[in-house]
Amino acid sequence: MKSKFKKIDELNDLNLRLNNGNLCKLGEIASIKEQYQPAYQLLRSNGNPLLLLKIEKKNNANSLKLAKKIKKIIASQKNILPKELKITKIDDESEKINSDLQVLYQRGIFALLIIFIVLILFLRHIQSAFVVLLSILFSTSLTFIFLYLT
């Protein structure tokens with residue numbers, strides 16, 4: 001791996017900005033030494049060596065936006081990486097979330113259709129059923145907007 005640091009002393013002298021805005025050197029808060037660490041776990045895929053990179057989001061991060069950003073970064077870096085390096089996605093939480101959202105939308109539309117049919121059967125007028133359905137949609141939308149803002 002190429003690095004702009006040639007010696008450990010250069011890493012020790014690296015300035016870091018703390019949360020309060022002050023600067024400190026990496027060597028003041030960390031012990032940096034060069035040593036060999038034997039591999040405690042070897043990963044392989046189809047007999048080839050494998051490097052596993054696990055990316056986890058923060059609790060308040062948006063999974064879908066993060067996945068989109070990671071895919072964009074990987075796509076932009078593919079031409080820089082060696083051709084024999086193959087990037088394979090093992091588990092993508094955003095695909096399951098997108099699938100669940102599609103099911104939720106479909107069930108929501110189906111539920112609205114059933115509600116509209118039941119309203120027509122009970123009220124016996126399409127206009128009245130439509131007004132009641134719109135009021136249900138309006139109050140539900142306001143509820144979600146209120147929940148989003150708080």
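Begin by selecting Ser94, which, at 3% relative accessibility, counts as buried, because the cut-off for that word is under 20%. What you have open is a predicted model, and Ser94 belongs to its helix H4, which covers residues 93-123. Show the side chains here, and you will find that those of Ser94 and Asp92 are joined by a polar contact of 2.7 Å. If the neighbours within four places in sequence are set aside, the residues in contact with Ser94 are Ser63, Leu64, Ala67 and Lys71.

Next, select helix H3, residues 63-77, whose 15 residues reach 21 Å from the first C-alpha to the last, close to the 21 Å expected at 1.5 Å a residue. At the start of H3, look for Asn62, where a side-chain oxygen comes to within 2.9 Å of the backbone nitrogen of Leu64.

To find its centre, select Leu53, Ile74, Ile87, Thr88 and Lys89, the closest to it of the 33 residues in the lining. H3 gives the most to this lining, with eight residues, while strand S4 (48-49) and H4 are among the elements that each supply at least two. Coloured by residue type, the lining divides into 15 nonpolar, seven polar and 11 charged residues.

Finally, turn to the second largest pocket, with a volume of about 290 Å³, and select its lining, including Leu104, Tyr105, Gly108, Ile136 and Phe144. H4 gives the most here, with seven residues, and helix H5 (126-149) supplies at least two. This lining divides into nine nonpolar residues, two polar and no charged.

Definitions and conventions: Residues numbered from 1 in each chain as written. Predicted model: local features only at pLDDT ≥ 70, side-chain atom pairs only at ≥ 80, totals over all residues. Heavy atoms only, no water. Helix = DSSP H or I, 4+ residues; strand = E, 2+ residues; numbered from the N terminus. Buried < 20%, exposed > 50% of the residue type's maximum accessible area, 1.4 Å probe, protein only. Polar contact = N/O pair within 3.5 Å; in protein donor to acceptor, adjacent residues only side chain to side chain. Contact = heavy atoms within 4.5 Å. Expected span 1.5 Å × (residues − 1). 1 Å grid on protein atoms, 1.4 Å probe; cavity = no way out; pocket = protein on both sides within 12 Å on 5 of 7 lines; lining within 4 Å. Nonpolar A, V, L, I, M, F, W, Y, C, P; charged D, E, K, R; others polar. Points joined across faces, edges and corners; volume = space filled by probe spheres on them.
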